[in-house]
Structures are given as C-alpha cells and as structure tokens.
Amino acid sequence: MAIDASILVLNGPNLNMLGVREPQIYGSMTLDDLEAACHERADRLGLTVDFRQSNHEGELVSWIQQARTENDGIVINAGAYTHTSVAIMDSLILSELPVIEVHLSNIFKREPVRHHSYISPVARGMICGFGPHGYLLALDAIANIIDRD
C-alpha cells in the first residue's frame with residue numbers, strides 16, 4: 001500500500017517519560033524508540049509521520065487545529081487528557097480528519113477513572129493494551145481508512 005498521506009501522531013502528558021515511567025505497565029521502550037518504529041512503519045505504508053508530544057493541553061489543541069490543513073489523519077494517545085479534555089475532543093471534531101485513539105495499556109483493566117474517554121466518541125476506532133505495537137496497528141488502520149475514503 002502506498003497512499004502518500006501525512007499523519008499527525010500526538011502524544012499527551014507524561015509520554016515523554018516512557019522507558020522510566022512504570023515499565024511494568026508501559027514497557028521499556030522510550031518515546032524516541034516509539035517514534036522510530038512509527039517512522040519505519042509509516043515508510044512501508046507510504047505515510048509521512050509528524051510525531052509530537054506535549055504535557056500541555058493547549059499545545060495539543062493547537063496542533064490538532066493545525067492538522068486540519070496540514071495532515072490527512074490523526075493518531076492520538078492523549079494520556080490522562082483522554083479522560084478529562086473536552087477541548088481536545090472539540091478540536092478533533094473541528095479537524096474533520098479521521099482519528100485513531102491509541103493507548104499503550106488496556107485502560108479498561110485499570111482504575112475506573114481511566115474507563116471513560118472523551119476521544120472515543122469522535123474517533124474511528126480505539127486500540128489499547130498492545131503496548132507500543134498499538135501505534136503500529138493505529139498507523140495500519142489510518143492508512144486503510146485514508147485509502148478507502
């Protein structure tokens with residue numbers, strides 16, 4: 001598959017601490033390792049990846065707004081903002097782009113506060129519980145969606 005599309009891969013708060021933050025939950029892969037794996041998969045799919053991370057909700061919202069005119073789809077792990085941010089949900093709606101929600105851990109096997117997502121209702125789908133491989137699955141999914149649409 002070679003579709004020549006640009007995907008914004010967004011990572012929310014604390015994902016910059018991958019590799020040191022609770023490795024029993026999140027694994028030992030660093031964010032840089034994850035970015036490299038995403039670029040490798042994207043190359044095989046004919047995608048360009050713009051991979052970003054921020055601990056600041058407003059910055060994530062601004063990047064999503066920018067994606068409306070610069071990208072063809074969004075893969076997002078909003079971290080804890082998944083469970084709290086109407087602003088991120090609204091910006092994803094505004095983007096009018098296909099969205100895949102991804103989480104490293106299975107959020108439904110964790111604390112009840114993590115069971116609700118403001119992103120899921122506006123995403124085409126959600127992948128959780130597969131660790132870093134979930135990002136690769138999300139890129140496969142978004143490539144398929146863009147190729148179909």
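This note walks through the fold, the annotated active-site residues and the last helix.

1. **Basis.** The model is predicted; local features need pLDDT of at least 70, side-chain atom pairs count only at pLDDT 80 or more, and totals for chains, interfaces and linings use all residues. Residues are numbered from 1 along each chain as its sequence is written, and side-chain values use heavy atoms, without hydrogens and water.

2. **Fold.** The protein chain has 5 helices and 5 strands. These are DSSP runs, numbered from the N terminus: helices are H or I with at least four residues, strands E with at least two. Along the sequence the order is β-α-α-β-α-β-α-β-β-α. The radius of gyration is 14 Å, close to the 15 Å from the globule rule for 149 residues, so the chain is as compact as a globular protein of that length. That radius is taken over C-alpha atoms, and the rule is 2.2 Å times the number of residues to the power 0.38.

3. **Packing.** Of the 149 residues, 49% are buried. Buried means under 20% relative accessible area, with a 1.4 Å probe and protein chains only. Contact means heavy atoms within 4.5 Å. Among contacts between residues at least 6 apart in sequence, 77% join residues at least 24 apart.

4. **Annotated site.** An unreviewed UniProt entry lists Tyr26 and His103 under "active site".

5. **Tyr26.** This residue is in helix H1 (residues 23-26). Tyr26 counts as buried because its relative accessibility is 8%. Setting aside residues up to four places away in sequence, Tyr26 touches Leu18, Arg21, Leu104, Ser105, Arg110 and Arg114.

6. **His103.** Strand E4 holds this residue. His103 is buried, at 5% relative accessible area. Beyond neighbours within four places in sequence, its contacts are Asn77, Thr82, Met126, Ile127, Cys128 and Gly129.

7. **Helix H5.** H5 (residues 133-148) has 16 residues and reaches 23 Å from its first C-alpha to its last, close to the 22 Å expected. The expected span is 1.5 Å times one less than the number of residues. Its buried residues include Leu139, Ile142 and Ile146. Among the elements covering the buried residues of H5 are strand E1 (5-11), helix H2 (31-45) and strand E4 (99-103).

Technical notes. Buried < 20%, exposed > 50% of the residue type's maximum accessible area, 1.4 Å probe, protein only. UniProt positions renumbered as here; feature names shortened; annotations may be inferred.
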